[in-house]
Amino acid sequence: MAHKSHITIFEMGFGTGLNALLTLLQAEQMAQNVDYYAVELYPIPAEEACKANFSEQLGVAVDRFRSLHSAEWDKAVAIDNRFTLTKIQGDLVNLELPLGIDLVYFDAFDPEAQPELWSETIFKKLYEAMSNEGVLVTYSSKGIVKQALRAAGFFVQRLSGPPGKRHMVRAIKREHE
Ligand SMILES: C[S@@+](CC[C@H](N)C(=O)[O-])C[C@H]1O[C@@H](n2cnc3c(N)ncnc32)[C@H](O)[C@@H]1O
């Protein structure tokens, strides 16, 4: 994807907020403007989430992490002058997605636990909301996941995973081959 001064990220499953925190730190380092959307069906109370010692492990002030959790739901909140967070309390299945998504973190529970989310229908919905050359990344490289992504129109690549994970998947929306 060509460099964009402003990118839109959509996360499936805000959970503990770890992905959002890592992205906030990376955006800061790269001086990248980010509009970060995350959907979550079962939000974790802020106090509960802050018990995880991510800030300590990453060497970040706990207030940085807390700011992600204390941000109001269903509202765009400026975390700093480059990073805007919109946490959406809802279900991905019937969510109206923001348009022009450049990057998707697809972080649902395992395909065996939530087969309805790892489906062609859901991937197609994401595909349609993404910009051309947009990228979806996910930790599952199961055959049925790659198949559903391809059926939705993505160009699918299997990549080496992070430590402890053999493989992950990158799927690219490529409208003009
Ligand atoms: C694997 S966890 C995500 C972890 C998270 N990305 C993090 O950094 O901690 C999956 C998350 O998806 C949420 N979830 C499950 N089904 C959902 C749905 N239909 N719509 C939105 N969120 C959902 C779960 O509540 C859970 O927090």
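Visitor: How do the residues of the shell around the ligand divide into nonpolar, polar and charged?
Guide: There are 9 nonpolar, 7 polar and 4 charged residues in that shell. Keep in mind that this is a predicted model.

Visitor: Which residues are the closest to the ligand?
Guide: E11, G13, T16, E40 and D107, out of 20 residues that surround the ligand.

Visitor: Which elements each supply at least two residues of the shell?
Guide: Strand β1, residues 6-12, and helix α1, residues 18-30.

Visitor: And what lies 2.9 Å from a nitrogen atom of the ligand?
Guide: A polar side-chain atom of Q114. The side chain of D107 also has an N or O atom 2.7 Å from a ligand nitrogen. For L41, a polar backbone atom is 3.2 Å from a nitrogen of the ligand.

Visitor: How much of the ligand does the protein bury?
Guide: The ligand taken alone exposes 600 Å², and the protein buries 88% of that.

Visitor: New topic, helix α6. Which of its residues are buried?
Guide: In α6, residues 143-152, the buried ones are V145, K146, A148, L149 and A152. Down the helix axis they fall within an arc of 160°, so they line one face of α6.

Visitor: What is exposed on the other side?
Guide: I144 and Q147.

Visitor: What do the buried residues of α6 pack against?
Guide: Helix α5 (120-129) and the strands β6 (130-138), β7 (155-160) and β8 (167-172).

Visitor: And what comes just after α6?
Guide: G153, with a positive phi of about 115°.

Definitions and conventions: Residues are numbered from 1 along each chain as its sequence is written. This is a predicted model: local features need pLDDT of at least 70, side-chain atom pairs count only at pLDDT 80 or more; totals for chains, interfaces and linings use all residues. Side-chain values use heavy atoms; hydrogens and water are left out. A residue is near a molecule or strand if one of its heavy atoms lies within 4 Å of it. A polar contact is a pair of N or O atoms within 3.5 Å; within protein, one must be able to donate a hydrogen and the other to accept it, and residues adjacent in sequence count only if both atoms are side-chain atoms. Accessible areas come from the Shrake-Rupley method with a 1.4 Å probe; for residues, only the protein chains shown count as cover. Helices (H or I, at least four residues) and strands (E, at least two) are DSSP runs, numbered from the N terminus. Ala, Val, Leu, Ile, Met, Phe, Trp, Tyr, Cys and Pro count as nonpolar, Asp, Glu, Lys and Arg as charged, and the others, Gly among them, as polar. Buried means under 20% relative accessible area, exposed over 50%, partly exposed in between (1.4 Å probe, protein chains only). The arc is that of the directions from the helix axis to the C-beta atoms. Contact means heavy atoms within 4.5 Å.
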